[in-house]
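Here are a few exercises to work through with the model open on your screen. Try each task before you read its solution.

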Amino acid sequence: MNIIPGPFTVEGKQATVQKEIKENYETYFAHAVKTRMWFADRLPERKEMAKYGHMVSETTKEILLGFLGVESFVDDYVLAGINGAGNSLATSALYLQWGWEERRHGQTFRHSLIDSGLYTQQFIDKYLDDCREEHWTFANQTGYEETPLLAAAYAIFQERQTRWNYTNVRRILWKEYGSPTNSEGKHIHPAIAGAIRYPETDEGAHEANFTNITRIYMKYFPDQALDALLKVSTHYRMPIVQLPNGDEFVRCVLAAGLGNPKDVINEIMNPALQRMGLSDRPALRKAVRNFRLLPEDAIVHLQGKPLSGIPDDAAIPIYEMLPSGDFNLTRPASEIDATCAVPHPMTQDDDDEINK
Ligand SMILES: [Fe+2]
Ligand SMILES: [Fe+2]
């Protein structure tokens, strides 16, 4: 194996990953403080809730209660992130900030349900007490012990699905509120439909953050990043938590059209993978399989995103990963035959084998 000085040794790459993760955290934090500073108890929409409460359907009410339940496990989610962070201070700091933001989501649902007169405060607090008897763990959710990379890869999908859920419930609420518009005909979102936009926006920022982190690994350790994405996406599902209203919640989520497996693939999994440079789940499986066939010292980059800092005279084969999961040899090492672009071209049989 070639030992290349600079960022392309394993140690060099690890140090660069940590440096970029720290920079990502600093950017994330600065942006969050500037653009997403809000407090659940001070949302102006709370004043409108008493007026609109009677319009919320039984199904939506049950779903909102379930959302409160899922968000209430925030301390378990944060703990998993910090446990997995090891000695990376930037990763721990990120999970603390992220936890602070997640906590206000549960508070938003709590205020929304009580202020709208949908449940009493006593009912909600008993519900939250019952939730606290259960715990969420990363291993139980995914089948793997948490690492910063696995946690980030899993969070991409979870954050995206949460935002998607909130967007859809906001639209449902808007209809239940009588499809209100302003004098120019533009949709307006009063009461809970307005309040839910704050968590919805946070979840979008969270998805982007975990995507950025996974991309950093993808740049320097593509094999590990691909492997992590495959592991957490194979049996992906929303947080496995025991909710006191678990059965009713699932029934209402399905009744509201939010539990369609096709939507999870088309609206959650594939768009998230597309941001990582892959077209869909079969392409991810193919990329993992193909990666194992590359020469050991190969360097890989995403299509159209070459890496800088590789010495011109280094005898390292460089490949680009295509959205299909195939790899193209873009710079052969001197002893490698340039015509042998893919070491072992995939066949349909291979695809079938992988897709099993
Ligand atoms: Fe959240
Ligand atoms: Fe989130």
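**Exercise 1. Describe how helix H3 packs against helix H8, and work out their relative direction.**

Step 1: find the helices. H3 covers residues 58–71 and H8 covers residues 148–176; helices here are DSSP runs of H or I, at least four residues long, numbered from the N terminus.

Step 2: get the geometry. The two pack at an angle of about 150°, with axes 11 Å apart. Axes are lines fitted to C-alpha atoms over the stretch in contact, and angles run from 0 to 180 degrees between N-to-C directions.

Step 3: name the arrangement. H3 and H8 are therefore roughly antiparallel, a label used for angles over 145 degrees.

Step 4: list who touches whom. H3 brings Thr60, Ile63, Leu64, Phe67 and Glu71, while H8 brings Thr162, Asn165, Tyr166, Val169, Ile172, Leu173 and Glu176. Contact means heavy atoms within 4.5 Å.

A word on the ground rules: this is a predicted model, where local features need pLDDT of at least 70 and side-chain atom pairs count only at pLDDT 80 or more, while totals for chains, interfaces and linings use all residues. Residues are numbered from 1 along each chain as written, chains are lettered from A and ligands numbered from 1 in the order written, and side-chain values use heavy atoms, leaving out hydrogens and water.

**Exercise 2. Find the donors of each iron ion and the residue that bridges the two.**

Step 1: start with the iron ion (ligand 1). Its protein donors are Glu71 (OE), Glu71 (OE), Glu102 (OE), His105 (ND1) and Glu203 (OE), at 2.0 to 2.6 Å. Donors are N, O and S atoms within 2.8 Å of the metal (3.2 Å for Na, K and Ca); water is not among the atoms, so sites may look incomplete.

Step 2: The spacing reads E-x30-E-x2-H-x97-E. Glu71 in H3 and Glu203 in H10 are 132 residues apart.

Step 3: do likewise for the iron ion (ligand 2). Glu102 (OE), Glu159 (OE), Glu159 (OE), Glu203 (OE) and His206 (ND1) coordinate this ion at 1.8 to 2.8 Å, with the spacing E-x56-E-x43-E-x2-H.

Step 4: spot the bridge. Glu102 coordinates both ions, which lie 3.8 Å apart.

**Exercise 3. Which stretches have a pLDDT below 50?**

Step 1: take the overall score. The protein averages a pLDDT of 88, and 91% of residues score at least 70; pLDDT is the predictor's confidence in each residue, from 0 to 100.

Step 2: pick out the stretches. Residues 1–5 fall below 50, and so do residues 335–356.

Notes. Angles under 35 degrees count as roughly parallel, over 145 as roughly antiparallel, 65 to 115 as roughly perpendicular and the rest as oblique.
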